[in-house]
Amino acid sequence: MARDGGRVSAPLLGKLLAEGILRCPRCGGVPVLGEAAAACGHCGARFRFANGALDLYGRYREGEPAPPPDAPLVEAIADALHFPKDAAVRVAVAEAVADSRAVAEDPNHAAEIRMIAERLGVPVSPAPVAPPAASGAVAEANADVRARLEVTHLEPALGMGMKLLRSFRLVNTGTTAISSSGPRPVNLSYHWFDPEGHAVVWEGLRSPLPVDLAPGHALTVIANLATPEGREGAWQLRLALVVEGERWIDVEGGAMPVRLARTAPPPPPVEWTGLAFDYGTDHGVALDWYAKAYAARGLCGGRLLEVGGGIHPQGGVLAGQGSELLAVDVSFPMSQLGALYFAHVAADWGARMAFAACDAHRLPVRHGSFDGALVFSALHHFARPSLMLAELARAVRPGGLVGVLCEPCVPDPGAAEYLRDLREGVNEQIWTVEEYWEIFRRAGLAPVRARADGGSLKVLLERA
């Protein structure tokens, strides 16, 4: 990154646009970068360029302009990132933080965008909570219970007589919240139908929703699941919501074919090391592991794509060793702060880094443009992880290396951090290694090597 006072230019970003690698997310055309925006020459769409980062996300709700962020908060964020005490730089930081007030159309994306201070460990005042009488949410919960299965990563074959944890993502299609608390709790359950279509198990295990599910919103529930005994073959699992003591309500789209066998399929080939690291060390171990495999393929000095890297993409270390890195995140404020950081704090690496905001479910990049791709502790925040990884598979050339790193893989529905993030509106999920393998299969990616350090899964993949 080059800088002029607080202003940041983005030579690699301009290069990626000029080469047609970064594309318009609306039509696939090639935007041309100007001083304050990039304009698509095909459809005319304009995308903000600010503080060295490009906003290719842009899906925000219209509303009243938000007030500027509090000066103490801006100073705390700037100090947490070790920015120089320069007035122009502080103005640039304030501009980036102000963009965290934009409200994305997707509620999970909105939560990610606003949580700058929390991600940096900067204390913030809690948002005021409306009293129950003002919202009426408690009284209305479970008055209209309807839901649709949006996605699951349940593997197509299971063994009989197993007890499992598997995740199901539900969308509330009713008009009131669905809650597992209160006088009329609703839980997720299921029925099992044998190959002849008989209901062999009706009273499936119960799984409470970890937080209340608002109308129109989605939530991934880590569910208790037990497979039945009986004849081998093609069974059917049907999800249902239970208003306890009252009735069962089928989950729309919740009928799934599952082949049951006497013997469970073998577990995925993961090396469980028995080691466990703190968050920072774990990321360093994963990056070193990926970098060695990247070098072994002769990819050093190539071009990398990192999804969800925020302000400090881990691939920056590889950029410092000669590779070029495009770091994308759903948060334009985080992308701006990343570009500013690598212009004013870690400038030695900045010239080989570019920052852009986008929805990685639809990566605005040309097919086969990257030698490698990285996702660090971010895949589990994606509503459709197979779709996002299929986009990574498309973006990486044959022989390229994809790293899905530092992902939680030991589900615990009662974990404090898991519940905290859900209450903040973050799309928090924890999948088993079996579910990750199903995610990879659907994405068209083949695992090359995998390890788990404690509950942190690290997998190297290539295009299948």
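Here is a short walk through the sheet and the helices packed in this predicted model.

A few ground rules come before the tour. Residues are numbered from 1 along each chain as its sequence is written, and side-chain values use heavy atoms, with hydrogens and water left out. Because this is a predicted model, local features need pLDDT of at least 70 and side-chain atom pairs count only at pLDDT 80 or more, while totals for chains, interfaces and linings use all residues.

The protein averages a pLDDT (the predictor's confidence in each residue, from 0 to 100) of 93, and 95% of the residues score at least 70. Over residues 126-138 the pLDDT is below 50, and this stretch has zero contacts (heavy atoms within 4.5 Å) in the model beyond near neighbours in sequence. Where pLDDT is low, the predicted coordinates should not be read in detail.

Let's start with the open sheet of twelve strands, which has mixed pairing and the order β3-β4-β5-β6-β19-β18-β17-β20-β21-β23-β22-β16. Strands here are DSSP runs of E with at least two residues, helices are runs of H or I with at least four, and both are numbered from the N terminus. Two strands pair if DSSP finds at least two bridges between them. At the edges stand β3 (31-33) and β16 (271-272), each with a single partner strand, so one side of each is left without a neighbour in the sheet. Strand β4 (residues 37-40) runs antiparallel to β3, joined to it by three bridges; Val32 stands opposite Ala39 in β4.

Helix α1 (residues 11-18) packs on this sheet, touching strands that include β3 and β19 (353-357), and its direction makes about 70° with that of β19. α12 packs on the sheet too, touching β17, β20 (370-376), β21 (396-408), β22 (445-453) and β23 (456-463).

From here, follow α12 to a helix partner. Helix α12 (residues 385-395) and helix α14 (residues 433-443) pack with their axes (lines fitted to C-alpha atoms over the stretch in contact, with angles from 0 to 180 degrees between N-to-C directions) 8 Å apart, at an angle of about 50°. The two are therefore oblique to each other, a label for angles that are not under 35 degrees (roughly parallel), over 145 (roughly antiparallel) or 65 to 115 (roughly perpendicular). In α12, Pro385, Ser386, Leu389, Ala390 and Ala393 meet Glu438, Ile439, Phe440, Arg442 and Ala443 in α14.

A second pair is helix α3 (residues 87-98) and helix α10 (residues 332-344), whose axes come within 9 Å and cross at roughly 160°. α3 and α10 are therefore roughly antiparallel to each other.
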